[in-house]
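Subject: Structure handover

Hello,

Here is the structure you asked about. Please have it open while you read the notes below.

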Amino acid sequence: MQSEQASPTAVAGLERVFKVENTSYYYGSNMAVRGVNLEIPGNKITAFIGPSGCGKSTVLRCFNRLNDLIPSAHIKGRITYHGVDLYSKAVDPTELRRRIGMVFQKPNPFPKSIYDNVAFGARINGYQGDMDELVEKSLRSSALWDEVKDKLKESGLSLSGGQQQRLCIARAIAVEPEVILMDEPCSALDPISTLKIEDLMQQLKENYTIIIVTHNMQQASRVSDRTAFYNAEPTESGGKVGYLVEYDETQVIFSNPKETYTRDYVSGRFG
Amino acid sequence: MNPIDPQAQGLGLPETGNFKPQLERRYKFDQIFKIISWAATFSAIAVLAILLIGVLSEGIPKLSLEFLTAPPSRKAEQAGIWPAFLGTIALLLITAASAIPLGVGTGIFLQEFAQDSKLAKVIEINISNLAAVPSIIYGMLGLFVFARLLEPMTGGRSIFSAGLTLALLILPVIIVSTRESLKAVPDSIRMAGMALGATRWQTVRIHVLPLAIPGILTGTILALSRAIGETAPIIVVGAAAFVPFAPEFSVEGFREPAFTAMPIQIFNWISRPQEEFHAIAASAIIVLLMVLLVMNTTAIVLRNRFQSNR
């Protein structure tokens, strides 16, 4: 890849957190995602967009190896995190997942108190500092503190959907990760809650690298710095395989994309 | 449902296209099905009520503290249920202490750790088959393995052997109910735990298991209730019909090769020709029912307590 000069999939002049090299993803013998090449810059928001089944969530879950939980799944290719091969034997997925947090599509707080939700990750990872302080700091960073400071003992499930999702973000940042993966974090939320999460993301990128999968193109264009557009094409065996069509500055993807597919998709002509 | 006046014109709109709603006919089927399902419910409850009334009317007059605390006797008016009652409680203890850890542990392993592996599938099929094996077969197995092979440990045809046999009998039920309860916990909880850097066991222990415990408890206690009503397997293992002394609640007492339990005592009394023994059999059935009732109530109370703690 180094030989290709000024490849749009590379991030010139920025700290490179992830580098995905010619990576394909398989369920059993079925290829689900084909030959992805891209680099994720640090302290930026990178959006993955594309139609359903294009493999954007699959690629996202490679970064914290959550795909390992699917028995038949495996990857071919190379994904590095600060130059370390994520799938090498030396990497312990449990350690990796502390450094790379994740927020899911449907808010999924634990059915425990708000405090315990935030403290859980820190506790199991042997946090040595003051727990109360950490909980407050995390809830402040996720813009939830003022709404919950008087009811930390109440169940996380008593909060509204948007608050639950911010609780999940607080829970993720409490273990001090470097990266936060977000898998359609706003798809179950109303527009007001969505806006709050988007504002929050802008604050969080000061300290974290964020990768967000979204079906909402306005959201991608509003919040992200770079955008990767994935598409799916039918295979000979009747299935579908996803691939990366184009990856560039968000502004370029939405105003002046190189590929016709991208132009059609972002202008709402298909998908 | 609001009663519909047959004279009314409904919306008074003409029917459009190819529809023939036949509302009256459809409502009639509604009614018929309602009556059938009601009749099914009623006949089940009626049979149960007749049984209960029969047992209660025959058994209550003989029920007394003496009956509870006396040993069996050749004379019906002196006979009591004490050794059989304590025998059942002792069996319950042995069965619960061996079946719960084994069954819940196996359920957790199969559901949370061995998903989709070949080994898990083989074990799963075997467990479903075990659940369908007649209880008398478990009795033979218990007699051979626990009473003969392991005699030095169990003391032969003892409460230990019988309790372990009953544990085998209900193990499949506990495993299946554990698995079902774990299956009902949404995967998003596991994902959330793992994504924070928790190991699988940490995720299961701290988040998944507490959510599954109400279901596991219910299934386990119902299985135990079934175990204490079983007669065939413990007869095969060696429960005796006439044991005039109560078991001592100690390792030695449980290894004593002479014991009895309530279902055995009931069966013994019912099969005698004298009417008086039939009456005290009814009283013994009431005592057994009370024990079952207490256990089921415990299941419900525990389940509600765990659920409200969320």
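In this predicted model, chain B and chain A bury about 1800 Å² between them. Carbon and sulfur atoms give 71% of that area. Buried area here is the accessible area (1.4 Å probe) that two parts lose on being put together, summed over both. The contact (heavy atoms within 4.5 Å) takes 19 residues from chain B and 23 residues from chain A. On the chain B side, B:Met191, B:Leu196 and B:His207 lose the most area to chain A. Together they make up 34% of what that side buries.

Two conventions before going on. Residues are numbered from 1 along each chain as its sequence is written, and chains are lettered from A and ligands numbered from 1 in the order in which they are written. Local features need pLDDT of at least 70, side-chain atom pairs count only at pLDDT 80 or more, and totals for chains, interfaces and linings use all residues, while side-chain values use heavy atoms, with hydrogens and water left out.

Next, the domains of chain B. An automatic or database domain assignment sets the bounds: domain 1 is 24–62 and domain 2 is 65–308. Their centres, taken over C-alpha atoms, are 30 Å apart. Seven residues of domain 1 of chain B are in contact with nine residues of domain 2 of chain B. The area buried between these domains is about 620 Å², and carbon and sulfur atoms give 77% of it. B:Val55, B:Glu58 and B:Lys62 supply 71% of what domain 1 buries against domain 2, more than any other three residues.

Now helix H7(A), residues 191–204. Helices are DSSP runs (H or I, at least four residues), and strands are too (E, at least two), numbered from the N terminus.

Last, B:Thr165 sits in helix H7 (residues 159–183) of chain B. B:Thr165 counts as buried because its relative accessibility is 1%. Beyond its neighbours within four places in sequence, its contacts include B:Tyr138, B:Phe146 and B:Val237.

Best wishes

Terms used. The expected span of a helix is 1.5 Å times one less than its number of residues. Buried means under 20% relative accessible area, exposed over 50%, partly exposed in between (1.4 Å probe, protein chains only).
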